[in-house]
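Subject: Structure for you to look over

Dear colleague,

I am passing on the structure below, and I would be glad if you could look through it with the notes that follow at hand.

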Amino acid sequence: MNIGADTISSAGLNPVTVYERGLSSRRLRAVDNEGQAMGMCVARWLEPAGLDDDILLAHCTRSTLDVGCGPGRLCAALIEKGVSAMGIDVSAEAVELARQRGATALRRDVFSWVPGQGRWPNLLLADGNIGIGGDPVALLRRVQTMLAPGGQAVVEVDPPGQGVSSRLIRLEVDDMVSSWFPWARVAADAIGDLAEHAGLSFNGLDQRADRWVALLGRGSPPWCTR
Ligand SMILES: C[S@@+](CC[C@H](N)C(=O)[O-])C[C@H]1O[C@@H](n2cnc3c(N)ncnc32)[C@H](O)[C@@H]1O
């Protein structure tokens, strides 16, 4: 839901406006330009982090930037665990909700300047946020510039077998329909090549039940001491 001016088609509401209505009504749908619906688990984003989120949080052991933090459940969980964390999101309402649950969060587009960029030891792209902007290599190149040397990104991906897809989607809540904007999906068996295209090292995958996470590093992997 990269809302840069050039990605908003003429018809439809600003995606962030519809997204924020979705957060308050807990009813949010995303549909792609082939009419296929995509799961939007608003209720889960508004709940505290659950055990199934450990697959992400277990890899965030150092200061973490949560890109597209939403209402901040993962940021808040990291702070509770004693790991310093900051979330960024384009939605003012999401940032406000994140702050209400004790998370540090800023209203920022990931493609604009972000405090601490180039010095984040860990960075989180959860819940399909690898799709932001619809061009995963461009997003991963941006991730590379925000990580500290030796830093590692924790990126949630789809199960293997579905490759990489980029499409136009829009958000719907009751009678509110957003404009189309690009979004991507990346599978576990495709993220390695994209990471290397973006100048990141592929440090492996983790999987628990149906959730898959890729570990991508800036510079040599943490265990590789030359
Ligand atoms: C799929 S939701 C993820 C929700 C979140 N991870 C959570 O735990 O609640 C995508 C989030 O990314 C944010 N987002 C979309 N484009 C963005 C951008 N260019 N920069 C920063 N955040 C963005 C949206 O506002 C939304 O909160």
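This is a predicted model: local features need pLDDT of at least 70, side-chain atom pairs count only at pLDDT 80 or more; totals for chains, interfaces and linings use all residues.

Once its neighbours within four places in sequence are set aside, the residues in contact with Gly72 are Ala98, Arg101 and Ala103. Pro48 is 24 residues away from Gly72 along the chain, and the C-alpha atoms of these two residues are separated by 8.7 Å.

Turning to the sheet, 7 strands make up an open arrangement with mixed pairing, and their order is S5-S4-S3-S6-S7-S12-S11. The edges are taken by strand S5 (105–107) and strand S11 (201–208), each of which has a single partner strand, so that one side of each is left without a neighbour in the sheet. From one strand to the next, the twist averages 20 degrees.

Helix H5 (residues 92–100) lies across strand S4 (85–89) and S5, and its direction is at about 165 degrees to S5. Helix H6 (residues 136–146) also packs on the sheet, where it touches strand S3 (64–67), strand S6 (120–125), strand S7 (147–157) and S12, while its direction makes about 145 degrees with that of S7.

Helix H5 has a helical neighbour as well, for the axes of helix H1 (residues 15–25) and H5 come within 8 Å and cross at roughly 40 degrees, which makes H1 oblique to H5. On the H1 side the contact is made by Tyr19, Glu20, Leu23 and Ser24, and on the H5 side by Ala92, Glu93, Ala94 and Leu97. Sorted by class, this contact of H1 with H5 comprises 5 nonpolar, 1 polar and 2 charged residues.

Aromatic rings are the next topic, and the count comes to 2 aromatic pairs. In the pair of Tyr19 and Trp45, the ring centres are 6.4 Å apart and the planes stand at 45 degrees, so the pair is classed as tilted. Because Tyr19 belongs to helix H1 and Trp45 to helix H2 (residues 42–46), this pair ties together parts that are 26 residues apart in sequence. Tyr19 and Trp45 are both buried. The other pair, Phe181 with Trp183, is edge-to-face, with 6.4 Å from centre to centre and 90 degrees between the planes. Phe181 counts as buried at 2% relative accessibility, and Trp183 is buried too, with a relative accessible area of 12%.

Finally, there is strand S10 (residues 181–186), in which 5 of the 6 residues are buried, so that the strand is largely enclosed by the rest of the structure. Strand S8 (residues 164–173) runs antiparallel to S10, and 6 bridges join the two; one of the residues involved is Val164, whose bridge partner in S10 is Val186.

With best regards

Methods. Residues are numbered from 1 along each chain as its sequence is written. Side-chain values use heavy atoms; hydrogens and water are left out. Two strands pair if DSSP finds at least two bridges between them. Helices (H or I, at least four residues) and strands (E, at least two) are DSSP runs, numbered from the N terminus. Axes are lines fitted to C-alpha atoms, for helices over the stretch in contact, and angles run from 0 to 180 degrees between N-to-C directions. Contact means heavy atoms within 4.5 Å. Angles under 35 degrees count as roughly parallel, over 145 as roughly antiparallel, 65 to 115 as roughly perpendicular and the rest as oblique. Ala, Val, Leu, Ile, Met, Phe, Trp, Tyr, Cys and Pro count as nonpolar, Asp, Glu, Lys and Arg as charged, and the others, Gly among them, as polar. Buried means under 20% relative accessible area, exposed over 50%, partly exposed in between (1.4 Å probe, protein chains only). Rings of Phe, Tyr and Trp (its six-membered ring) pair if their centres lie within 6.5 Å; planes under 30 degrees apart count as stacked, over 60 as edge-to-face and the rest as tilted.
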